[in-house]
Amino acid sequence: MSVINNRLIPTVVAGCFAALSLVSTSASAENGDTLKAVNDRGSLLCSGHNGSFPPFVQVTDDNEWSGYDIDYCRALAVAIFGSDDNLKVVPISWAQRFPSLQSGDIDVVIKATGWTMGRDTELGIQFSVPYFVGATNVMMPKELGSTSPETLEGGSLCANAGTSTERLAANFFKSRGIEIEMITFEKSEETRDAYFAGRCDSLVGWGPNLAVTRQSAENPDDHAMMDVALALEPESAAMRQGDDNWVDIVNWMFAATWIAEANGITSANVDEHKANPADSTVEKLLGVSPGIGERLGLSDDWAYNVIKQVGNSAEIFDRNIGGESVYKLDRGLNALWSDGGVIVPMILD
Amino acid sequence: MGSVLGNQKTREIVFQAVVLSVVAALLIGMVMNTRASLEAQSLTTGFGFLERSTGWDFSFSVLPYSISDSYSKTILIGFLNTLLLGFLGISLATIIGVIIGLVRTSKNALFSMLGTVYVEIFRNVPLILQAIFWYSIVTQLPRPKSALSLGDSVFLSGRGLYFPVLNIAMWSVALMILLIIAWLFFLPWLRHKMNHSSSFFLIKRIGWILLPLILVLIGYLARTPDTPLLNMPALKGLNFKGGMRMPPELSALVIAIALYGGAYIGEVVRAGLMSVPKGQIEAGFVNGLKPLHIFSRIRLPLAIRAVLPSLTNQYVQLMKATTIGIVVGFSDLFMIISTSINQSGQTLELLAILMGGFLVINLSIAFVMNSINKKIAIKGYEVKS
Amino acid sequence: MTEASIALPPQTPFSQRIKKSLFATPLDCLLTLICAFFFTYIIYLFVDWAFLSSIWRADDEPLCKEAGGACWSVIDARHRIIFFGLFPFEEHWRSTLACAVMIVTFIASCVPWFWTTMKLSALWIAGFATFYILMHGGLFGLSVITPERWGGLALTLFIFAAVSIIGMPLSIVLALGRRSKLPVIAKMFGLFIDFFRSLPLLTILFTAAVITPFVLPGWLQGDKLYRVIVGFAIFFAAYQAENIRAGLQAIPSGQDEAGLTLGLNYMQRVTRIQLPQAFRNSLPAVVNQFVITFKETSIVTIVGFFEILASGSAAFGTGQWTVHYIEVYVFIGAIYFVFVFSLSRYGAYLERKLRVGHG
């Protein structure tokens, strides 16, 4: 029994490469209509995770998706359909975010995705306005004695494969001439376990996720953050290039939660505000006076539904990351500009 | 009668032509469709990205590299890493397999029972789970500061196994290995050519004396100037510096593949050993051979000939199994391609390279093993398992 | 191959047999004792860790550190995630029932009474349909639960069953195609089979998940899960086809010629003469391929599905349970072992039985 036919296969390989050269294309943009596809399908396909990435994407004890990013997926589904029953969360790994988006397995990536030039230009991806900023930082055990980058000379660093932190960290240590061994993993759990098992001297991570990872250590006080942050990374939703209307919808979905917070509208009091709008912005936001829906191809009460069912940006933060969650992290830069943060709602006119 | 035959021939040819054109049409349709969907998303294709620098780092490499190296070099490193992992895993699996095969055919009931337990445990749990398990064991080893050491020269810690190496250039090592392989292939050829004459044994003896001398000479010439002969690992800061290193990712995978493959190869070897006719062994006894010689001269050679095709199959399987390296963070070809896809977006091209890489590796294994098989096969003497 | 084990003389007294097989020579004695000692010690270590010093209840988790053994609390608290993945909590009975139906189907198809094409197809179609209706819902007042919420053991079983159902008929077509008398057809099928056999499964699954949406027109794409299953099934069929082909080759050519002279057409000869014998010849290899396929379903986790391995890592993915991953992996390993071991024992049993039948 011969294992493999020796002569035929090279022919196939040659054929494959020939086919590849046939499909080479020149760039030409074409407007896709994601909203129409989503409506026809009757469901929104949003990015999940193959495991958990607390506090952004995780699985609760009763088998439901939850988390900060998942709440924004829900908000988008509510904006389109009026209910989050039509949301389908598709589990994907870090490295499969963009291929899945390109292939149409998901409509939008809302998954702690940093806005980088490479992704923006090379991957055929378009980003929304940033909805979260977080520092990329490095966590290390206190027993190393110091928290300066130089402490890690010759040590090792764990990272998630295919993420922007992977590139940031490689560049950061190279620019300082610090030799470091980088070990990358496909799943967030593997990365975290490798650090706690002592495989790596340090763990590069992003924003609240790193803080949560630290809290999940057996003794959180044994671990400290490096005294220099690698970068402050803006996180945006990612969509396929060439569908401006879809980008508008996602942008204004974020904006609606911010405008609601700025005007003190919460899921609890949204009905009162709708009955007695304080000013014309609130009127427009809640669909009392028309305009907010039609311009995006949605119904006029979409923002009202989002606030009623998911809440404003403060509620979403508190529920998943802040005071009402088990993590109890400070909102910091992710507060509205009026509270000392960097989030600036766009103008609703 | 003739016209009927002619008719059927014509029908067959027409039928085949139709099938062929349908397949061709399908393929062309797929190409057109791909083109259209790429255009719709304004994605560009082509292999130009291979020369761009990657900007990301990975854990293990057999060649020196930096984050400003190009995609093509990074992919080549992934390919070499896969080869190294496959080579180590398959070699160890073969050794374990032969031991297990022997143990399982042993007359001692306890031994054969242990062999069975081994095979059943390691064959019936998915390799991916075994790899994760060994990785968590290997990383539980002590930190570098309290590493287990052997005479202060070999260190074992959660960061891997460090051992001393000679301070000589890479090219000379490759040259030495080539020389040894050439000599080992030259011997049987010469034996065949000179038909076991006494001058052959003379050449053989001289060769065995000269070979080590030549190797030492090459090593001496290729020494890195101004360094001690041995490059010893030593603790510096957070980790060891110097020496040669086997990182835990690689160790865990090699252990997993060796134990898993060992169970399968053990079964193949067992089938081979049991296929050796009793008469052959008895003939050995009658001729006054010692038990060890009966094993090494009669049973093993016959067994190996009998199972070589099955063994080839197992090797190809194990080579393919190396793709699970990604679950423990080993930068094998699949992991490098997967990361490249995510960082560069050139999905189609990179997957074509991945497939091409594995076709090349597996075809080479099949080719080498098939040629060996042809050389040593005894006609009509083969078992399948 | 195992002639020796069958032909063991049963008359020898037990004690004598033990003596002969364990303590034949002094060296044997020594080796046996050393081996026995190590074996017992390893078993003791494991039993101590898993049973003697372990903690079982979820609420007792704080005691784990002190006990030093396995902390099965994590299984107690999170087993629902391991078994059901993201399946809605209040519908878990459906997933449980569906798994039970599937397992009964597996067991039933091992009973020789079912071994006719009709019965076997009916069994599998019925079993699979029941499984699908229970999991997916939409009928009999069950709420609809779409595949991206399926997970855990149910998803593993679903992938395995679907791959078998698509793969088996396909493998027969491939095997027959490769043995076709028409050169172009035989070459084409040969090329197809060899191509898929020389690639790692992971590559094929990755291609199915990521590339096929570019290659296929929109109406043919379907869900990612189904694409991956089809890719897996083709891989499975390429291997199974070679097993069946080996079985076909072992049939003496006179049989087919006899059918021809009786005036049977191609379909009749294939279904009545060739396939029944081919399956009989290749049954051990065919079962072995199922064993391998069941294990390989674990690779699906790398392309991002919530099968049992991925839901296992989600189970220890929250802060409280992070440290207890070994227990979860051992638990999942045990689940795999139960399935794979019974299947492979069954294969070995068949092999023995068939050999006796032939002899």
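In this predicted model, chain A has a mean pLDDT of 84, and 91% of its residues reach 70 or more. Over residues 1-6 of chain A, however, the pLDDT is below 50, and this stretch makes 20 contacts in the model beyond near neighbours in sequence. A further segment of chain A, residues 24-31, also has pLDDT under 50, and the model gives 19 contacts for this segment beyond four places in sequence. Where pLDDT is low, the predicted coordinates should not be read in detail.

Strand S9 of chain A, spanning residues 202-206, is mostly covered, with five of its five residues buried. This burial extends to both faces of S9(A). One side carries Ser202(A), Val204(A) and Trp206(A), while Leu203(A) and Gly205(A) lie on the other, and all of these residues are buried.

Two strands of chain A pair with S9(A). Within S9(A), Trp206(A) has Thr136(A) opposite. Strand S7, residues 156-160 of chain A, pairs with S9(A) in the parallel sense over two bridges. Here Ser202(A) of S9(A) stands opposite Leu157(A).

In chain C, helix H15 covers residues 308-315, and eight of its eight residues are buried, so the helix is largely enclosed by the rest of the structure.

Note on methods:
Residues are numbered from 1 along each chain as its sequence is written. Chains are lettered from A and ligands numbered from 1 in the order in which they are written. This is a predicted model: local features need pLDDT of at least 70, side-chain atom pairs count only at pLDDT 80 or more; totals for chains, interfaces and linings use all residues. pLDDT is the predictor's confidence in each residue, from 0 to 100. Two residues are in contact if their C-beta atoms, placed from the backbone, lie within 7 Å. A residue is buried if 20 or more other C-beta atoms lie within 10 Å of its own, exposed if 12 or fewer, and partly exposed in between; C-beta atoms are placed from the backbone. Helices (H or I, at least four residues) and strands (E, at least two) are DSSP runs, numbered from the N terminus. Two strands pair if DSSP finds at least two bridges between them.
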